[in-house]
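This report goes through a protein structure place by place, for a reader who has not seen it before. Please keep the sequence and the structure in view while reading.

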Amino acid sequence: MPPVSHLGGETRCGFEKQERESARSREKGLPGRTEKPGMVPPPPGEESQIILLPPGWQSYLSPQGRRYYVNTTTNETTWERPSSSSGIPASPGPHRSSLPPTVNGYHAAGTPAHPPETAHMSVRKSTGDSQNLGSSSPGKKQNKENTITINCVTFPHPDTMPEQQLLKPTEWSYCDYFWADKKDPQGNGTMAGFELLLQKQLKGKQMQKEMSEFIRERIKIEEEYAKNLAKLSQNSLAAQEEGSLGEAWAQVKKSLADEAEVHLKFSAKLHSEVEKPLMNFRENFKKDMKKCEHHITDLRKQLASRHAAVEKARKALTERQRDLEIKTQQLEIKLSNKTEEDIKKARRKSTQAGDDLMRCVDLYNQAQSKWFEEMVTTTLELERLEAERVEMIRQHLCQYTQLRHETDMFNQSTVEPVDQLLRKVDPAKDRELWVREHKTGNIRPVDMEI
């Protein structure tokens, strides 16, 4: 069936012609083309007979003059007269190419093809596809909606949802699992799927900040430790020790000074090779997150605005259709030029309202498609940024451990001379050296003689 916006002057002229013929028939006392609900004019030669339709069925004429029937309860349409025994068409309807006409979702006589609350539900094939506001086909029922709108986003209806393939089926990608909104754990409404992803990234950013603070504290400890070691190495305690032990003790104090230098270099490398890169990456990551957040938020707001415009246009269409139906009923009761002009005017407004609705739906679908595309792109970008952040932190933690190993090796090297000297400590040798240097004489005393 052609969309509403494609129903041009030909259809409207057909309706106007129908109304004029109906008016002329009333003037002659003949049955017109627009019948009262539930009544069907008798076939030629049987003017005295009136055939009743089953309950819930109404009869209308298409602009081409062909009669069709509408079940106002199920919205079923058919070219065949319904059976009076079962309330269903006497035979299956023809192919959908011979549909009864509708204008802005209404049949020729002004009865809605769908109830107002369900007429807008349809499957969106692609961006900008026209929405079918009329009936589907004679003999075909639409008992279930094809789509459902949640927080201004249109999804397939769960009962009629076709199978969807994941965009990245083997990767558990963000772009496949965060389209719907989630109930806020604190009970304060709902949270968009993208907002949930964004919160995860913000937690990662906070973790990176805390990690940088941790490294900074370690740097302070190393600097303070180096300062204290250097100070202790200058202490004069036990400086009077002599011999090989005194030499080993002096090396102990010298090793403290060397170790202080090692820890000072370690703290400097921690700052330049770990802390600073983490902080710089965090700042860039923060900018990327803000950019993604603002972009998707703007698109979601635009989508909500388009949805509000659709609902407003849908309400306007319903009012125009109701006005057209009232004026059509007034024409059945009393014929006047003013009433015909009012009907023409109401029909034009109804058609315009239908065109406006189609335009709003098209803009909404474009906005949703744009949001969809940017959601896929942005969630994949979040994946990339997260992987980059994790890998960057892993590499710098590896650098930290490597520096720590190097520091331990340097510390070990400062202790090795001490170990060597301690192994050479020889009390006997120390005694010999000391005696040689400080001896006062090797002649021992003897007993006194009388």
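## Loops with a positive phi

Cysteine 152 sits in the loop that joins β8 (147-150) and β9. Its phi is positive, about 75 degrees, although cysteine 152 is not a glycine. The structure is a predicted model, and the values given here are computed from it.

Alanine 238 is another non-glycine residue with a positive phi, in this case about 60 degrees. The loop that holds alanine 238 runs between α3 and α4. Is alanine 238 buried or exposed, or does it fall in between? With a relative accessibility of 35%, alanine 238 counts as partly exposed, because that class covers values between the 20% limit for buried and the 50% limit for exposed.

## A buried strand residue

Valine 70 belongs to strand β4, which spans residues 67-71. The relative accessibility of valine 70 is 0%, so it counts as buried. Glycine 56 is 14 residues away from valine 70 along the chain, and the two C-alpha atoms are 8.2 Å apart.

## The largest nonpolar core

In soluble globular proteins, nonpolar side chains tend to be buried together. The largest nonpolar core here has 39 residues, and the members that touch the most others are Phe194, Leu270, Trp371 and Leu382. At least two residues of this core come from each of α2 (174-177), α3 (193-233), α4 (243-333) and α5. Helix α5 gives the largest share, 15 residues.

## Histidine 271 in helix α4

Histidine 271 is part of helix α4. The relative accessible area of histidine 271 is 41%, so this residue is partly exposed. Between histidine 271 and arginine 218 there are 9.7 Å in space, taken from C-alpha to C-alpha, and 53 residues in sequence.

## Salt bridges

Side chains of opposite charge can pair when their charged atoms come close. How many salt bridges does a search of the whole structure find? The search gives 17.

One of them joins the side chains of aspartate 323 and lysine 327, with 2.8 Å from N to O. Aspartate 323 has a relative accessible area of 26% and is partly exposed, whereas lysine 327, at 18% relative accessibility, counts as buried. The two fall into separate classes because the limit for buried is under 20%.

In helix α5, lysine 344 and glutamate 341 are 3 residues apart, about one turn of the helix. Their side chains meet in a salt bridge, with 3.9 Å from N to O. Lysine 344 counts as partly exposed at 23% relative accessibility, and glutamate 341 counts as partly exposed at 45%.

Helix α6 (residues 427-438) holds arginine 436 and glutamate 432; they are 4 residues apart in this helix, so about one helical turn separates them. The N to O distance in the salt bridge between their side chains is 3.1 Å. Arginine 436 is exposed, with a relative accessible area of 60%, while glutamate 432 is partly exposed at 33% relative accessibility. Salt bridges also form a network, which links Glu381, Arg384 and Glu388.

## Surface patches

Which residues form a positive surface patch? They are Arg320, Lys345, Arg348 and Lys349. Helix α5 (residues 337-423) contributes the largest share of the positive patch, 3 residues. Lysine 349 is found in helix α5, and its relative accessible area of 35% makes it partly exposed.

A nonpolar surface patch is made by Leu166, Trp172 and Tyr177, and its area is about 360 Å². Leucine 166 lies in the loop between β9 (153-156) and α2. At 34% relative accessibility, leucine 166 counts as partly exposed.

How values were computed. Residues are numbered from 1 along each chain as its sequence is written. This is a predicted model: local features need pLDDT of at least 70, side-chain atom pairs count only at pLDDT 80 or more; totals for chains, interfaces and linings use all residues. Side-chain values use heavy atoms; hydrogens and water are left out. Patches are made of residues with over 30% relative accessible area and no salt bridge: like charges are joined within 9 Å, nonpolar side chains (Val, Leu, Ile, Met, Phe, Trp, Tyr) within 5 Å. Accessible areas come from the Shrake-Rupley method with a 1.4 Å probe; for residues, only the protein chains shown count as cover. A salt bridge is a side-chain nitrogen of Lys or Arg within 4 Å of a carboxyl oxygen of Asp or Glu. Lys and Arg count as positive and Asp and Glu as negative; His and the chain ends are not counted. The place of a charge is taken as NZ of Lys, CZ of Arg, CG of Asp or CD of Glu. Buried means under 20% relative accessible area, exposed over 50%, partly exposed in between (1.4 Å probe, protein chains only). A nonpolar core is a set of buried Ala, Val, Leu, Ile, Met, Phe, Trp, Tyr and Cys residues joined through side-chain atoms within 4.5 Å.
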